Amino acid sequence: MEDFFDREQRVLDNALEHIKEVRSGSLLCMEQFETLAKEYRMLLKQHRKIIKISDRASSNMIIDQKEKITDLSDKVHYDSLTGIFNRRYMEEALDNLVSTMQRAGGGLFSVFMMDIDYFKKYNDNYGHADGDICLKAVAEAIQGSLTRKDDFVARYGGEEFAIILPNTDEDGARTIAERVLEGVRNCNIPHEKSEVASHVTLSLGIATGDVTSVKSGMDFIKRADEALYQSKDKGRNRYTFLEI
């Protein structure tokens, strides 16, 4: 079967041959000329249709690629196991939030650093598969403790989590801390090897202060880490509050 390009070449060859004959002295055959024009018109319509289909396919491909890139970009911000934000996103977002509030004149900010108590012993006793299930449950409990859209939780690494609370004072931070501790306890995940309870518990460190008193969001993380280690030294399964 003759394809589009063969037909196009044939019409062109016939037109050139007819022009050559006319230049050699033959009479212009209007019937043949009209036939060539008709065939060319049909080819032109088909050509335009092909271009439209090609443009539509290219447009769809570009849209599809953009969606895939956006999807991949979004996934970079999330922890693959728990589904919450990861450390990379948390640190970037924290710095951006602190900078924004500093430019706006300041404001109170609170950051939590949290650790599942004796998680290594949990993994050693129950296995890593159950450890993953535990991490997911704890992440969900922490997430469920937050009610404002600007607050968020992230997995900082291993069994360590963080909460970012813009525009939050000491009282607000303590309220969230109580919710988090209660939420994790209510999961009632057995932990035979824990030295503080028969179920999985959490230790928290809280840092609260005005953003004008810090250089970057990392200052909040370092202070919250200090508070976290104090909670561990005091027996775990609790929170410690420190000003910054």
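Select Asn188 first: this residue is found in the loop between α6 (170-187) and β5 (202-210). Helices here are DSSP runs of H or I with at least four residues, strands are DSSP runs of E with at least two, and both are numbered from the N terminus. Asn188 is not a glycine, yet its phi is positive, about 50°. Most residues other than glycine have a negative phi. Is Asn188 buried or exposed? At 52% relative accessibility, Asn188 counts as exposed. The cut-offs are these: buried means under 20% relative accessible area, exposed means over 50%, and partly exposed lies in between, with a 1.4 Å probe and protein chains only.

Before moving on, note that this is a predicted model, in which local features need pLDDT of at least 70, side-chain atom pairs count only at pLDDT 80 or more, and totals for chains, interfaces and linings use all residues. Residues are numbered from 1 along each chain as its sequence is written, and side-chain values use heavy atoms, with hydrogens and water left out.

Jump to Arg236. This residue lies in the loop between α7 and β6 (239-243).

**The whole chain**

Now zoom out. The protein has seven helices and six strands. Starting at the N terminus, the elements run α-α-β-α-β-α-α-β-β-α-β-α-β. Of the 244 residues, 36% count as buried. Take the contacts between residues at least 6 apart in sequence: 68% of them join residues at least 24 apart. Contact means heavy atoms within 4.5 Å.

**The sheet**

Six of them form an open sheet in the order β1-β3-β4-β2-β5-β6, with mixed pairing. β1 and β6 stand at the edges with a single partner strand each, so one side of each has no neighbour in the sheet. Two strands pair if DSSP finds at least two bridges between them.

Select β4, residues 160-166. How many of its residues are buried? Seven of the seven are, so β4 is largely enclosed by the rest of the structure. In a regular strand the side chains alternate between the two faces of the sheet. Colour Glu160, Ala162, Ile164 and Pro166 on one side of β4, then Phe161, Ile163 and Leu165 on the other; all are buried, and both faces are covered.

Strand β3 (residues 152-157) runs antiparallel to β4 and is joined to it by five bridges. Find Phe152: its bridge partner in β4 is Ile164. β3 and β4 form a hairpin with two residues between them. In that turn, Gly158 has a positive phi of about 55°.

Strand β2 (residues 108-116) also pairs with β4 in the antiparallel sense, over seven bridges. Here Met114 stands opposite Phe161. β2 pairs with β5 too, antiparallel over nine bridges. Select Met113 and look across to Gly205 in β5.

Bring α6 back into view. This helix packs on the sheet and touches β2, β4, β5 and β6. Its direction makes about 165° with that of β5. Then show α3, which lies across β1, β2, β3 and β4 and runs at about 130° to β3. Axes are lines fitted to C-alpha atoms, for helices over the stretch in contact, and angles run from 0 to 180 degrees between N-to-C directions.

On α3, select Met90, Glu91, Leu94, Asp95 and Val98; on α7, select Gly217, Met218, Phe220 and Ile221. These contact residues divide into six nonpolar, one polar and two charged. Ala, Val, Leu, Ile, Met, Phe, Trp, Tyr, Cys and Pro count as nonpolar, Asp, Glu, Lys and Arg as charged, and the others, Gly among them, as polar.

Move to α4 (residues 119-126) and α5 (residues 128-144). Their axes come within 7 Å and cross at roughly 135°. That makes α4 oblique to α5. For these labels, under 35 degrees is roughly parallel, over 145 roughly antiparallel, 65 to 115 roughly perpendicular, and the rest oblique. The contact is made by Phe119, Tyr122, Asn123 and Tyr126 of α4 and His128, Asp130, Gly131, Cys134 and Leu135 of α5.

**Last stop**

End at Thr82, in the loop between α2 (30-76) and β1 (85-86). Thr82 is buried, with a relative accessible area of 16%. Leaving aside neighbours within four places in sequence, Thr82 is in contact with Leu135, Lys136, Ala139 and Arg155.
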